[in-house]
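Let's take a walk through this protein together. Keep the sequence and the 3D view side by side as you read.

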Amino acid sequence: MSDQPRPHERRASAGETPRRRRGPVPAHSRDEIAAAAITLTDREGLAGLSMRAVAAALGTGAASLYRYVASRDELLALMTDHVMCELRPYPAGHDQWLDTMLEMSRRQLHLYRRHSWLLDVTQQSPAFGPEALAWLDHCLQVLEPVTASSRAKFEAIAMATGVTTLFARSELAAQPALPPIDSHAYPHVARAISADATPAPTDRDLFEDALRSLLVGLLS
């Protein structure tokens, strides 16, 4: 019986470059897709978010995105975890746990100001991706000097997030209504309106006093 390899089993000879396997070359990473979707949704809101719209922003077809993101819900989860990277670097806890938790909440508030769509996404289906878990882990690290139970700490973190969300929603409701602008037809007008749509600053004393009272009350 011959030891010669069959044609389809031919080995590459010395010095010969092996042939690469055929297959589609990835055109975009999940991070690029998330970034494009965030930019689009910051400008046009959740109503303007679709796989087709994101694909158009990336200069590709909607079908190509499904190789990386299976659905719109998965895209929203990816976007949520992506923007939570903006909460880094986390403030160090040391012994001033209350001040550090207030700073964490202030960062959350600023995150909601930059990405108001996040308020609705987290309310509909709270996402616990890697960045959300990292943020929660840091909050628990900050609260290590507190003698309260783990359950009380989880409740305090959840309540602080709820208060921050309420303040962010209140700011959003106070913003003047802006006319709908077709960002493709009038890109400069749309960008100018988006840039000026900065919410009125929250009463810092009221926000911090509410959080301070809540955290001390739950954890003392």
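First, a word you'll need: a residue is buried if its relative accessible area is under 20%, exposed if over 50%, and partly exposed in between (1.4 Å probe, protein chains only). Also, this is a predicted model, where local features need pLDDT of at least 70 and side-chain atom pairs count only at pLDDT 80 or more, while totals for chains, interfaces and linings use all residues. Residues are numbered from 1 along each chain as its sequence is written, and side-chain values use heavy atoms, with hydrogens and water left out.

Now for the overall layout. The chain has 10 helices and zero strands; helices (H or I, at least four residues) and strands (E, at least two) are DSSP runs, numbered from the N terminus. Of the 220 residues, 37% are buried.

Take helix H6 (117-124). Here Trp-117, Leu-118, Leu-119 and Val-121 are buried. What do the buried residues of H6 pack against? Their partners are H1, H4, H5 and H8.

Next, look at the inside. A nonpolar core is a set of buried Ala, Val, Leu, Ile, Met, Phe, Trp, Tyr and Cys residues joined through side-chain atoms within 4.5 Å. The largest one here has 55 residues, and Leu-75 and Trp-97 are among those with the most contacts inside it. Several helices give two or more residues to this core, including H1 (30-44), H5 (97-114) and H8 (150-174). H5 supplies the largest share, eight residues. Zoom in on Leu-75: leaving out residues up to four places away in sequence, Leu-75 touches Ile-33, Ala-37, Leu-49, Met-51, Val-54 and Val-69. Contact here means heavy atoms within 4.5 Å.

How do H5 and H8 sit together? Their axes are 9 Å apart, and the packing angle is about 40 degrees. Axes are lines fitted to C-alpha atoms, for helices over the stretch in contact, and angles run from 0 to 180 degrees between N-to-C directions. H5 and H8 are therefore oblique to each other, since angles under 35 degrees count as roughly parallel, over 145 as roughly antiparallel, 65 to 115 as roughly perpendicular and the rest as oblique.

Finally, find the one aromatic pair in the whole structure. (Rings of Phe, Tyr and Trp, its six-membered ring, pair if their centres lie within 6.5 Å; planes under 30 degrees apart are stacked, over 60 edge-to-face, the rest tilted.) Phe-167 is in H8 and Phe-207 in H10, so the pair ties together parts 40 residues apart in sequence.
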